[in-house]
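Work through the exercises below with the sequence and the structure side by side. Each task is followed by a solution in steps.

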Amino acid sequence: MPTPFQILLHNFNYVCYVVLLMIGLHAMITKRNLIKKLIGMSVFSTAIILFYVSIGVNNGGDMLAGHDGRPVGNIPVLEHGIGHDAITHPETIDPRRYANPLPHVLMLTAIVVGVATLGVALAITQRVFQDYGTLEEDEILAQLNNPQENDD
Amino acid sequence: MRAFGLIIVLLTGGLLLWGVRDFPLFGAADSPANGGVVTAYYLQHTMQDARVPNAVTTVLADYRSYDTMFETAVIFTAGIAIFAILRVFDDRGGRRLRKSQDAPVKGDQYRIIVGTTSRLLIAPIQLFALYVLVHGHHSPGGGFQGGVIIGASFLLLAVARNLQTSLDRFPERRFLAMGAGGVLIYAGTGLLCMLLGRNFLDYGALQAVLPATGPEMARSHGIFAVEIGVAVTVSASMFAVYAMLASRGRLKDGL
């Protein structure tokens, strides 16, 4: 039975993702400034990306040496010679020597979609600032509740 | 409200930390994520099916092609949404603003180092972007990364000089057309496969139009075609996002 400290040490990346996720969630829930909320959203999505990428890591450990003594490549790109054999004999490839490509694919698109989401959110924030002159939630709400004070 | 939010955050974080105990060790080869049947299929058949050594590219553009097509559509939609939210057409103020644009920018004499460096860097950056795009079959890279680098080269020009210089080279009409055109290239490749008698985005059908290729090489070329579509959309959208945000939708007098 490993101690909590050992668990922390072996799964440090997962602890980092939880901490980042908490920071992002806290910013999104409690901050009143819209830009700070967006920073929280960005940190949150970064935490998710860290989580997926660290799940997909495969550095093989010690039991899996390379086929000709070289260090094990852990990215999901086949080496030249091995890849050539795989055209006719797919079973020659040991899938445990490579990382799972799926988390990489999902995060590749998630990063770009995250940028697009952030862009749209910033555009809406800019419109809000043009209309209300502030980015503080409570001040915007006060202006929404008293529309006669709005026309300055 | 503040205390309530903190309680929710601590509760969520505590539950997730509790779950961390059950995760496999970092980088373990026998973790559930690395040991699946689908993973093994992807890695073992990427060469046989599509002649692409980079399994990420095959999964992205062939096995999960629908996903990537609609991701591209999402990015295009984001560009259009920012256009709809922010774009302001002011024809009356336009001439005055243009005249101020022709005048030397304040502080321009201090920009020799930045301007020269960016001018030297932009061409290699774009060349590197094309390398990343075309080499996505054999190394980490592909449409998304190449497109972002192309977009970044225009951002560098906009930051180092001014937005107008960048817009002269990548005008509004062009980046809107490119955003739509990239999705069109992607969906058009899929439609071409359909017209040739196979399923939508089944690139093997392209061997009928590509000379001297088997279905596997046709898949490789089909992946390349849709990667180009992705790169076109991503580069246009990246620049559109920056240009709209930096100029408050006027596309004049940026930051």
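**Exercise 1.** Decide whether B:S166 is buried or exposed in this predicted model, and list what B:S166 touches away from its sequence neighbours.

*Solution.* Step 1: the relative accessible area of B:S166 is 0%. Step 2: buried means under 20%, so B:S166 counts as buried. Step 4: with neighbours within four places in sequence set aside, B:S166 is in contact with B:F154, B:L157, B:A158 and B:F239.

**Exercise 2.** Determine how helices α6 and α7 of chain B are oriented to each other, and describe the residues of their contact by class.

*Solution.* Step 1: two packed helices are described by the angle between their axes and the distance between the axes. Step 2: the axes of α6(B), residues 112-134, and α7(B), residues 143-160, come within 8 Å and cross at roughly 170 degrees. Step 3: an angle over 145 degrees counts as roughly antiparallel, so α6(B) is roughly antiparallel to α7(B). Step 4: on the α6(B) side the contact includes B:L121, B:I125, B:F128 and B:V132; on the α7(B) side it includes B:Q145, B:I149, B:F154 and B:L157. Step 5: sorted by class, the contact has 15 nonpolar, six polar and no charged residues.

**Exercise 3.** Take B:V132 from helix α6 of chain B and work out its surroundings.

*Solution.* Step 1: B:V132 has 9% relative accessibility, so this residue counts as buried. Step 2: leaving aside neighbours within four places in sequence, the contacts of B:V132 are B:G141, B:G142, B:Q145, B:G146 and B:I149. Step 3: take B:Q145 from that list; B:V132 and B:Q145 are 13 residues apart along the chain, and their C-alpha atoms are separated by 7.0 Å.

**Exercise 4.** Classify the ring pair A:Y14 and A:F51, then the ring pair B:Y42 and B:Y63.

*Solution.* Step 1: over all chains, the structure holds 15 aromatic pairs. Step 2: the ring centres of A:Y14 and A:F51 are 6.3 Å apart with planes at 65 degrees, so this pair is edge-to-face. Step 3: A:Y14 sits in helix α2 of chain A and A:F51 in helix α3 of chain A, so the pair ties together parts 37 residues apart in sequence. Step 4: A:Y14 and A:F51 are both buried. Step 5: B:Y42 and B:Y63 are stacked, at 5.1 Å centre to centre and 25 degrees between the planes. Step 6: B:Y42 lies in helix α2 of chain B and B:Y63 in helix α3 of chain B, so this pair links parts 21 residues apart in sequence. Step 7: B:Y42 is buried at a relative accessible area of 10%, whereas B:Y63, at 27%, counts as partly exposed. Step 8: A:Y14 and A:F51 also belong to one aromatic cluster with A:Y17, A:Y52 and B:F23.

Definitions and conventions: Residues numbered from 1 in each chain as written. Chains lettered and ligands numbered in written order. Predicted model: local features only at pLDDT ≥ 70, side-chain atom pairs only at ≥ 80, totals over all residues. Heavy atoms only, no water. Axes fitted to C-alpha atoms, helices over the stretch in contact; angles between N-to-C directions. Helix = DSSP H or I, 4+ residues; strand = E, 2+ residues; numbered from the N terminus. Parallel < 35°, antiparallel > 145°, perpendicular 65-115°, else oblique. Contact = heavy atoms within 4.5 Å. Nonpolar A, V, L, I, M, F, W, Y, C, P; charged D, E, K, R; others polar. Phe/Tyr/Trp six-rings, centres within 6.5 Å; stacked < 30°, edge-to-face > 60°. Buried < 20%, exposed > 50% of the residue type's maximum accessible area, 1.4 Å probe, protein only.
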